[in-house]
Amino acid sequence: MSRVAATNVIVPGIDVAVGSFTSSYYGESLSIDKTRAILLDESVYKILPDRRVHRSMSRAALLLSLVCLELQPSLKPFLDRSSFSTGIYCAIENGPIDLSSTVEMLHVPESEYAEQYRKTHNPKMFLMQLPNLAAAQMGIFLGIMGPVNVFNSSRYGSIHALEQAEKDLAEGYVEAALVCSAFSFENPLVLERIRRQDLQGRVLCEGAAAMLLTADGNVSEWKGKDVKSADSYFGISHQLVIQILNTAGGKQC
């Protein structure tokens, strides 16, 4: 199998109680009984190389950068040789929809729609919605100039990222592969879809994970790994988070 050079994971700490999730925009029609979120405070922005950028980042993008920046020492030897040596393989959902401005537009007359939309809609929300920008911004922070691959399948994104990383390492397209993912509670509709299709009694948790892989002449079969027996579910990041927690542990926030 490929060699795991370094890993990092951010999941809710053991002191974070299980609670219900509701959305003020959907009321009682959207509610998830068992959830755990990652606790973040202002201090996390100090970790970012450019603190101002977080204003245009989704929460998932922020978590992605935080979890990957911890692998900087392990990435340094590869990037010192060539900034193009490392590829990014990222599993992440589309960013949040601007529900606030959407609600304000519900009863606006057609004749006033364009002007009202301009006033209520924040243009930076567009930057938060694009999943490829989350991976690209993280790559800028780390100085990675190799290929950037983004996978947004809610159920299989992490597996797709791992499998593509394996293929590119085996073919010699990259010297190292940064496989990463982040999942947050920003989009209520994504959470409702997960509740209906995937939870099966598990606790829905935010999470982020990063794994640095290098080639060793063999290809790993990640799809066959057991990740279904976990008591928690981490959305698009689930397979990657569980792989790391089952082997090396990680950071709880």
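I take helices and strands as DSSP runs, numbered from the N terminus. The model I am reading is predicted.

**Entry: second largest pocket**

I looked up which element gives the largest share of the lining of the second largest pocket. It is α6, with six residues. The lining has 26 residues in total, and those nearest the centre of the pocket are S58, A61, M128, L130 and A134. I then listed the elements that give two or more residues to this lining: α1 (59-69), α5 (124-129), α6 (131-142) and β6 (176-183). Sorted by class, the lining has 17 nonpolar residues, seven polar and two charged. For the space in this second largest pocket I noted about 300 Å³.

**Entry: the four-stranded sheet**

I followed the strand order of an open sheet and wrote down β2-β3-β7-β9, with mixed pairing. Its edge strands are β2 (19-23) and β9 (232-233), each of which pairs on one side only. Helix α8 (residues 188-197) packs on this sheet and touches β2, β3, β7 and β9. I recorded the angle between the direction of α8 and that of β3 as about 70°.

How do strands β3 and β7 run, and how many bridges join them? They run parallel, and two bridges join β3 (residues 27-36) to β7 (residues 203-205). For R36, I found that the bridge partner in β7 is C205. As a reminder to myself, strands of a sheet pair through backbone hydrogen bonds.

**Entry: G87**

I located G87 in strand β4 (residues 86-92).

**Entry: S101**

I found S101 in helix α3 (residues 99-104). What relative accessible area does S101 have? The value is 3%, and therefore S101 also went down as buried. Which residues is S101 in contact with, leaving aside its neighbours within four places in sequence? I noted T120 and H121.

How values were computed
Residues are numbered from 1 along each chain as its sequence is written. This is a predicted model: local features need pLDDT of at least 70, side-chain atom pairs count only at pLDDT 80 or more; totals for chains, interfaces and linings use all residues. Side-chain values use heavy atoms; hydrogens and water are left out. On a 1 Å grid over the protein atoms alone, a cavity is a set of points where a 1.4 Å probe fits but cannot get out, and a pocket is an open set with protein on both sides within 12 Å along at least five of seven lines; lining residues have an atom within 4 Å of a point. Grid points are joined across faces, edges and corners, and a volume is the space filled by probe spheres set on the points. Ala, Val, Leu, Ile, Met, Phe, Trp, Tyr, Cys and Pro count as nonpolar, Asp, Glu, Lys and Arg as charged, and the others, Gly among them, as polar. Buried means under 20% relative accessible area, exposed over 50%, partly exposed in between (1.4 Å probe, protein chains only). Contact means heavy atoms within 4.5 Å. Two strands pair if DSSP finds at least two bridges between them. Axes are lines fitted to C-alpha atoms, for helices over the stretch in contact, and angles run from 0 to 180 degrees between N-to-C directions.
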